[in-house]
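Please look over the sequence and the structure before reading on.

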Amino acid sequence: MDTALWHPFSDMAVVREDEFVLERGEDVWVYDAAGNRYLDATASLWYANAGHGRAEIADAAAEQMRKLAGYSIFGDFTNEPARALAGRLAGLAPMPDAKVFLTAGGGEAIDSAVKIARRYHVVQGQPERVHVISRTNSYHGTNGIGTGVAGIEANRTGFGEILPSSSRVAYDSVDALRDEIRRVGPERVAAFLFEPVIGAGGVLAPPEGYVQGVVDVCREYGVLVIADAVICGFGRLGTWFGVERWGVEPDLITFAKGVTSGYLPLGGVVVHGRVAEPFWARSGTTLRHGATYSGHPACCAAALANIDILERDNLLQRGQLLEGELAAALQPLAAHPLVREVRAGVGLLAAVELQPDLFERLPSAVADLSLLIRQRGVLTRTLAKALAVSPPLTIQRPEINEIAQAFAAGLDELA
Ligand code: PLP
C-alpha cells in the first residue's frame, strides 16, 4: 500500500509501496509484522547499545511522563532528570569541570557545538574565528551546520551553499590539518570537528598517532577540538565518549544515539570547563541558542536508566572484550572475491567493503547484498561501498558468528 511517510535518505519512488515494517524488539532481535525474527547487526542506526525491549528504560520514561511529561529549561527553569543527567555525564567526561548542553539528537548537537565554539571565540575577543575544518568521509548529521561541513560530498551537494566558512582535509593526515589551518589563517579557524572512528563514511579508524596529533596541532593554533562521539560513545568504542581510547582531552564532545540506546531522542554537547568558563563567569555572554526539547525530562529519565544498565551490566567492558571477536569473525570475508576489505578491530563496529569493479556491473551491489543478508535473518546498514556492522553491546559469540555466516552466504549468492 502506498505510504504517506517520507523516509530519510530513501528513494521514495522505490520504497513507497514496499516498506519493511518492524514491530517489536528484544535484546539483539527485532521482529517484523509477520513475526519473522531478525538479528539486529547494526543496533538500528548504531544506537541500540543496551539492546531492545528494556522495560526499565520504558518504565523510567513512563514514570517521568506521569509526573511531568515535559517542561522547558530556558532561563532558571529546570527539572531533576535533566540536572541529574548533566551531572552524571559531566562526571563521566574525559575533561575537567565539564558542562553539558542538551539537545534532541546528534545533528542538533553538532550545530550546538559549532555555535558554542564560535561564540566562545567571540566572547574571548576573536570574532573572526568562524571557519570550521572537518574531514573527508565524515558524517555530522543533516542539520544546517552538519550538512555544510559534511565530508561525504553527496550529502553536502544539491542544496546550495549552507555554511560557506568550512573546509575538509584528508581524514587520515595530521599534516593536512596543519596545512589547512595555515592556509585559512589560524586567526580565522574556530574549530576542528572529527569522529574518533568515522562511521557512516565507511568505518575508518584513525591511523596510529592521528588523534593525539590533531589535538596537538589544534592546541598550537588555538583551534578548538570538537570530537563527534555520536556513534563512538556509550560503549561503542568500549568507553563513555570514545576518545578516552587515545587519552586526549577535547574541548567539546557531541553525543546522542547510545546515550538513551535510542529509546527516546536525546543528544548534547559536553563542554570543557575552560570553554564554558566565560559563559559561567561573566553575565551578558548568554548563548542565544537552544530548542524546545533541550533537557526534556522524559528523555533524560530514559538516558539515566540506560546509563544505569550500561554500568550495571558492564556493557562497556563487554564491548571491549568482543571487538576482537567481531573482527576475527568477519575478517575471513576479506578472502571472498567480491570483498575489497574488512575493517574491524577498533570498537564493536565494522564494515565489509565490496570490490570497486563490482559496481560497474552491479551499481546496486550494496543494497542487493543487504537484502540477501536480510533474507537470512540479519539486518545490516548500507554505506556507499560497504555494509556496516555495529550490534548491540549485549551480543553473544554465537550471534556474532551468525552475522558472519549470513554475510558469507549473501556474498556467495551475489557472486
Ligand atoms: N554525528 C555522527 C557521527 C553521526 O553518525 C550522526 C548520525 O548518524 C550524527 C552526527 C547526527 O545525529 P542525528 O541523526 O541524531 O541527528
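Helices here are DSSP runs of H or I with at least four residues, numbered from the N terminus. The model is predicted. In it, helix α11 spans residues 297-312 and is followed by N314, whose phi is positive, near 50°.

**Helix α11**

- The 16 residues of α11 reach 22 Å from the first C-alpha to the last, which is close to the 22 Å expected at 1.5 Å a residue.
- A residue counts as buried if 20 or more other C-beta atoms lie within 10 Å of its own. Twelve of the 16 residues of α11 are buried, so α11 is largely enclosed by the rest of the structure.
- The buried residues are P297, A298, C299, C300, A301, A302, A303, L304, A305, N306, I307 and L310.
- Their cover includes α3 (55-67), α4 (80-92) and α12.

**Packing of α12 and α15**

- Two packed helices are described by the angle between their axes and the distance between the axes.
- Helix α12 (residues 315-330) packs against helix α15 (residues 397-414) at an angle of about 30°, and their axes are 9 Å apart.
- Angles under 35 degrees count as roughly parallel; α12 and α15 are therefore roughly parallel to each other.
- The crossing of α12 and α15 is right-handed.
- On the α12 side, E325, L326, A329 and L330 make the contact; on the α15 side, R397, I400, N401 and A404 do.
- By class, this contact between α12 and α15 has five nonpolar, one polar and two charged residues.

Terms used:
Residues numbered from 1 in each chain as written. Predicted model: local features only at pLDDT ≥ 70, side-chain atom pairs only at ≥ 80, totals over all residues. Axes fitted to C-alpha atoms, helices over the stretch in contact; angles between N-to-C directions. Helix = DSSP H or I, 4+ residues; strand = E, 2+ residues; numbered from the N terminus. Parallel < 35°, antiparallel > 145°, perpendicular 65-115°, else oblique. Left-handed = near helix turned anticlockwise from the far one by under 90°. Contact = placed C-beta atoms within 7 Å. Nonpolar A, V, L, I, M, F, W, Y, C, P; charged D, E, K, R; others polar. Expected span 1.5 Å × (residues − 1).
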